[in-house]
Amino acid sequence: MCSQEGEGYRLLKEYANGFMVSQVLFAACELGVFDLLAEALEPLDSAAVSSRLGSSPRGTELLLDTCVSLKLLQAAVRGGKAVYANTELASTYLVRGSPRSQRDMLLYSGRTAYVCWRHLAEAVREGRNQYPKAFGIPSEELFSAIYRSEDERLRFMEGLQDVWRLEGASVLAAFDLSPFPLICDLGGGSGALARACVSLYPRCRVIVFDIPGVVQMAKTHFSAWEDERISFHEGDFFKDPLPEADLYILARVLHDWTDAKCCHLLQRLYRACRTGGGVLVIESLLDADGRGPLTTLLYSLNMLVQTEGRERTPAQYCALLAPAGFRDVQCRRTGGAYDAVLARK
């Protein structure tokens with residue numbers, strides 16, 4: 001096999017096996033491997049891990065060794081047995097109690113997004129999300145499908161809290177938001193981004209606007225409402241009156257919807273926005289030609305299998321914002337997963 005053919009074949013196998021790597025990560029999180037090893041007083045052998053997790057000895061050993069190969073765990077030999085401990089990567093991002101944990105988003109990805117991705121070919125053929133095939137539920141009302149149960153709603157909110165725990169500060173610092181004393185975070189869920197906002201801009205106040213079920217869950221399971229600078233307002237941003245504000249944040253919102261629904265929402269925002277105010281769109285931006293970055297293209301396919309929308313280029317966001325009346329559109333890449341677009345009224 002020539003070197004060129006060998007490299008192509010290696011790359012093909014890497015792509016084909018990608019789903020296995022994802023499932024190792026998802027399964028280890030779901031089983032509680034990383035939390036168990038974080039709580040242990042010393043590294044554990046596979047028999048101890050199997051016993052405490054209630055998992056099979058053979059399957060546990062295979063999973064642990066694969067996690068070692070993926071640099072999620074580290075192994076050493078003691079008394080002739082392999083013992084396992086978390087790597088720094090796992091301790092930082094995969095343990096429930098870590099301030100930078102991404103565990104909940106990974107659990108959501110494994111239990112929900114991954115199931116929809118099984119039907120990617122059908123999504124491409126049909127041009128619509130796959131909740132009916134994946135979960136046997138109608139998807140005409142998008143968020144009735146996404147929030148298909150109380151547990152699923154909580155899982156989704158916990159996952160987004162993980163995202164904004166890491167990405168919130170950078171996207172909110174992309175522009176100086178201190179001139180906007182009253183901010184409304186539309187679809188703000190648990191209030192995680194609102195907390196990042198008042199931390200970065202202590203003099204601002206933030207209204208989190210979301211549907212009633214989300215607001216009630218935010219008050220029951222999350223702590224943002226305890227900050228006096230953050231308030232919650234129930235409503236449907238497509239239908240109900242919007243709170244007046246100096247700045248509206250749309251974080252991971254527009255990518256859920258068709259161009260027509262985005263235009264409708266932006267027109268409603270423009271009417272409610274105070275003069276001199278604006279809108280901050282937080283999304284993963286495609287390159288100008290729409291063919292990269294790879295992560296954003298994958299996010300866009302995820303929108304296909306799970307929502308009505310897609311990721312967009314800076315020019316496409318400008319084309320949505322301008323007809324609504326917004327001007328002085330600026331786009332800034334943060335170097336992270338999400339970027340910022342600021343437009344003024």
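Visitor: In what order do the strands of the open sheet of 3 strands stand?

Guide: This is a predicted model, in which local features need pLDDT of at least 70 and side-chain atom pairs count only at pLDDT 80 or more, while totals for chains, interfaces and linings use all residues. Residues are numbered from 1 along each chain as its sequence is written, and side-chain values use heavy atoms, leaving out hydrogens and water. Strands (E, at least two residues) and helices (H or I, at least four) are DSSP runs numbered from the N terminus, and two strands pair if DSSP finds at least two bridges between them. The pairing in this open sheet is antiparallel, and the order is β1-β3-β2.

Visitor: Which residue of β3 stands opposite V77?

Guide: β2 and β3 (residues 81-86) run antiparallel and are joined by 6 bridges. The residue in β3 that stands opposite V77 is A82.

Visitor: At about what angle to β2 does helix α5 run?

Guide: Axes are lines fitted to C-alpha atoms, for helices over the stretch in contact (heavy atoms within 4.5 Å). Angles run from 0 to 180 degrees between N-to-C directions. Helix α5 (residues 57-69) lies across β2 and β3, and its angle to β2 is about 115°.

Visitor: Which residue is the bridge partner of Y248 in β8?

Guide: Strands β7 (residues 245-251) and β8 (residues 273-283) run parallel, with 6 bridges joining them. The partner of Y248 in β8 is V279.

Visitor: How many charged residues are in the lining of the second largest pocket?

Guide: A pocket is an open set of points on a 1 Å grid over the protein atoms alone where a 1.4 Å probe fits, with protein on both sides within 12 Å along at least five of seven lines; lining residues have an atom within 4 Å of a point. The lining here includes W164, R165, R195 and F222. Asp, Glu, Lys and Arg count as charged, Ala, Val, Leu, Ile, Met, Phe, Trp, Tyr, Cys and Pro as nonpolar, and the others, Gly among them, as polar. By class there are 4 nonpolar and 3 polar residues, and the number of charged residues is 2.
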